[in-house]
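Dear colleague,

Please find below the structure that I am handing over to you.

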Amino acid sequence: LNKPSFVLSDEERHEIEHALTHYPDGRAASIDALKAVQKHRGWVPDDAIPVIAAAIGISAADLEGVATFYSLIFRRPVGRHVIKVCDSISCHLTGYDELRDELEKQLGIRYGQTTKDGRYTLLPICCLGACDRGATMMIDDDLHGPVEPKDVAAILGGYQ
Ligand code: FES
């Protein structure tokens with residue numbers, strides 16, 4: 001027997017239909033549709049791709065391309081909080097290496113990994129658009145910066 005395939009919840013389907021009303025076509029609504037599922041499940045499993053693609057009327061291959069390219073769509077389970085560290089040029093000049101090292105040390109994980117307690121996932125990200133506040137990182141939807149290594153423990157403490 002095949003495993004039961006992915007089924008959109010009523011809420012997810014409603015949000016995807018809502019996204020479609022904001023864009024000229026399904027392709028343009030791709031990211032919003034993926035985000036609708038991610039919002040409810042924390043990430044987007046592989047078997048969700050053909051179902052979401054059908055809901056917005058594009059091919060699964062096209063949607064897979066978008067989902068792979070766009071780094072804020074998570075394709076594996078993530079922790080309760082996702083930490084994204086800006087690794088673009090300005091932040092490299094304002095303490096990126098030290099910040100990443102401190103996060104890796106305190107969390108005991110590297111990029112792409114999740115802490116054993118399921119609390120944090122650590123990822124790099126391109127410029128967050130706050131270059132004057134480097135070194136920057138985002139935790140969930142919150143921008144932090146400038147962050148020095150000595151600030152890390154207190155900031156992490158705010159995210160249980
Ligand atoms: Fe880090 Fe722009 S380079 S916010």
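The notes below describe what was found.

This is a predicted model, in which local features need pLDDT of at least 70, side-chain atom pairs count only at pLDDT 80 or more, and totals for chains, interfaces and linings use all residues. Residues are numbered from 1 along each chain as its sequence is written, and side-chain values use heavy atoms, leaving out hydrogens and water.

The protein is divided into domain 1 (10-69) and domain 2 (81-157), with bounds from an automatic or database domain assignment. Their centres, taken over C-alpha atoms, are 28 Å apart.

The axes of helices α2 (residues 30-41) and α4 (residues 60-69) come within 10 Å and cross at roughly 75°; helices here are DSSP runs of H or I with at least four residues, strands runs of E with at least two, numbered from the N terminus. The axes are lines fitted to C-alpha atoms over the stretch in contact, with angles from 0 to 180 degrees between N-to-C directions. S30, I31 and L34 in α2 meet L63, V66 and A67 in α4, where contact means heavy atoms within 4.5 Å.

T115 lies in the loop between α6 (96-107) and β2 (120-125). T115 is buried because its relative accessibility is 8%, the cut-offs being under 20% for buried, over 50% for exposed and partly exposed in between (1.4 Å probe, protein chains only). Leaving aside residues up to four places away in sequence, T115 touches L107, I109 and Y120.

C86 is also buried, at 3% relative accessible area, as is C91, at 2%. A search of the whole structure finds zero disulfides, meaning pairs of cysteine sulfur atoms within 2.5 Å.

With kind regards
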